[in-house]
Amino acid sequence: FKKLLIDVDPGVDDAQAIMVALAAPNVEILGITCCHGNTPLENVCKNTLRILKVCNRLDIPVYRGCAAPLLARKIHASDFHGKDGLGDAPDPDAPGLELLQEEGAVMAMIRTVKENPGEVILVATAPLTNLAVAVKLDPTFPEKLKGLYIMGGNTDSRGNTTVCGEFNFVADPEAAYIVLNQYHCPTYIAPWEFSCRNALPWVRLTKRLFPQALITPHNSFQFENIKEMEGNSGFNSCDTYAMAAAIDDTFVTESEEVAVTVELEGRYTRGMMVLDPVEMLKKQHKVNIMKTVDLEKLKKMLMDSLK
Ligand code: BDR
Ligand code: CA
C-alpha cells in the first residue's frame, strides 16, 4: 500500500484527483489537508468534505490549513472553478465544517510523517503554503517523506494565471520558492504546459464519462470551461497527473531531471518556475519534471474513479 497525504484546494480537478486516489486499490489516504487557492479556505474545506461524503469516505481525516499566502495578495480562480470552487452545483446535503479535525493541517502533516518515517508520499495540488510552513516548523519534515508530487509551475513560460505564471505558484510564489529550495526529497512536478500537452483528446471521452459521475455538475462545468479555452485540444485535469504519478510508478513515460527555482520578482515573471539545465545555480537537489504519460492509464483511472 502507498501511504498518501494529500494537500488540496478543490477545485474541480482537485476533486477528480482525490476521487482517483479513493478508487486506487493500492492506496491508503492518511489525511487530506486543505489550503487556500481556487476558492477561499472555508469553501475548500467544505468541498473536500463534500467529495468524501459523495464517495462515502468521511472516515478520512480532513484538516484546515493556511487561509492566505505567505506574502502575496490572495487570489482565487472562481472564473474557472465557480464561486464555490466546485462548479456552483446546488448541494443541500453538504456536510458541515464541524467534521473537520481540530488539529491544524500543518501540525497534522508533521505528525503523520513523523509516525510513518520514510513511508509517506505527499501529493500537493494547491498553492504550497502549508508545505512551506511545515518545513519552517520542522526542517526535518522533507527528509522523512518518501516522495513529493506537485502540480504546479511551468516550463515554457506559458502561464494560465499571469503571462508566465501557473496558478498554484503565482498564488503563493514565496511558498513555492521555499518548497523547491528546501524539500530535498524525491520530487516530481507536473507543470502546466505538460498537462496541456498530455490532455485527453475530446474524442476519447465517451459521452458516458461525465453523466456517470456522481458529482456530474462539477465536471460538466469544467468541461464547458476547458472547451472554451483557446488552444485546449482536450480534457486537462491537471491535478490528476500529479496524483496518477504518485499512485502508479509507470504512469509517467518520460521525465527530465533538472534543478529548479522560482522567480520572486518581475512584472511579468513573478511566480514563474525557472529551470536550470546548465546548472548555473549550482544546486545539489534536482527534481523530476514530467513530460509524457500513458494516457490509457489516465483514462482508466478516471473511469474507475467514477464507478
Ligand atoms: C492548478 O490551479 C488550479 O486552478 C487547479 O486546481 C490546479 O491545481 C492549475 O494551474
Ligand atoms: Ca488544485
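Helices here are DSSP runs of H or I with at least four residues, numbered from the N terminus. The model is a predicted one. Its protein chain has 307 residues, with 11 helices and 11 strands.

**The chain as a whole**
- Of the 307 residues in the protein chain, 48% count as buried.
- Among contacts in the protein chain with a separation of 6 or more, 83% are between residues 24 or more positions apart.

**Around ligand 1**
- The shell around ligand 1 holds 15 residues, of which Gly11, Asp13, Ala77, Glu166 and Phe167 come nearest.
- Three helices each supply at least two residues of this shell: H1 (12-23), H6 (167-171) and H10 (238-247).
- By class, the shell around ligand 1 consists of six nonpolar, five polar and four charged residues.

**Helices H1 and H11**
- Helix H1, which supplies residues to the shell around ligand 1, also meets helix H11, a helix that spans residues 295-306.
- The axes of H1 and H11 come within 8 Å and cross at roughly 80 degrees.
- Angles of 65 to 115 degrees count as roughly perpendicular, and H1 and H11 are therefore roughly perpendicular to each other.
- On the H1 side, the contact involves Gln16, Met19, Val20, Leu22 and Ala23; on the H11 side, it involves Met301, Leu302, Asp304 and Ser305.
- By class, this contact of H1 with H11 has six nonpolar, two polar and one charged residues.

Conventions. Residues are numbered from 1 along each chain as its sequence is written. Chains are lettered from A and ligands numbered from 1 in the order in which they are written. This is a predicted model: local features need pLDDT of at least 70, side-chain atom pairs count only at pLDDT 80 or more; totals for chains, interfaces and linings use all residues. A residue is near a molecule or strand if its C-beta atom, placed from the backbone, lies within 6 Å of it. Ala, Val, Leu, Ile, Met, Phe, Trp, Tyr, Cys and Pro count as nonpolar, Asp, Glu, Lys and Arg as charged, and the others, Gly among them, as polar. A residue is buried if 20 or more other C-beta atoms lie within 10 Å of its own, exposed if 12 or fewer, and partly exposed in between; C-beta atoms are placed from the backbone. Two residues are in contact if their C-beta atoms, placed from the backbone, lie within 7 Å. Axes are lines fitted to C-alpha atoms, for helices over the stretch in contact, and angles run from 0 to 180 degrees between N-to-C directions. Angles under 35 degrees count as roughly parallel, over 145 as roughly antiparallel, 65 to 115 as roughly perpendicular and the rest as oblique.
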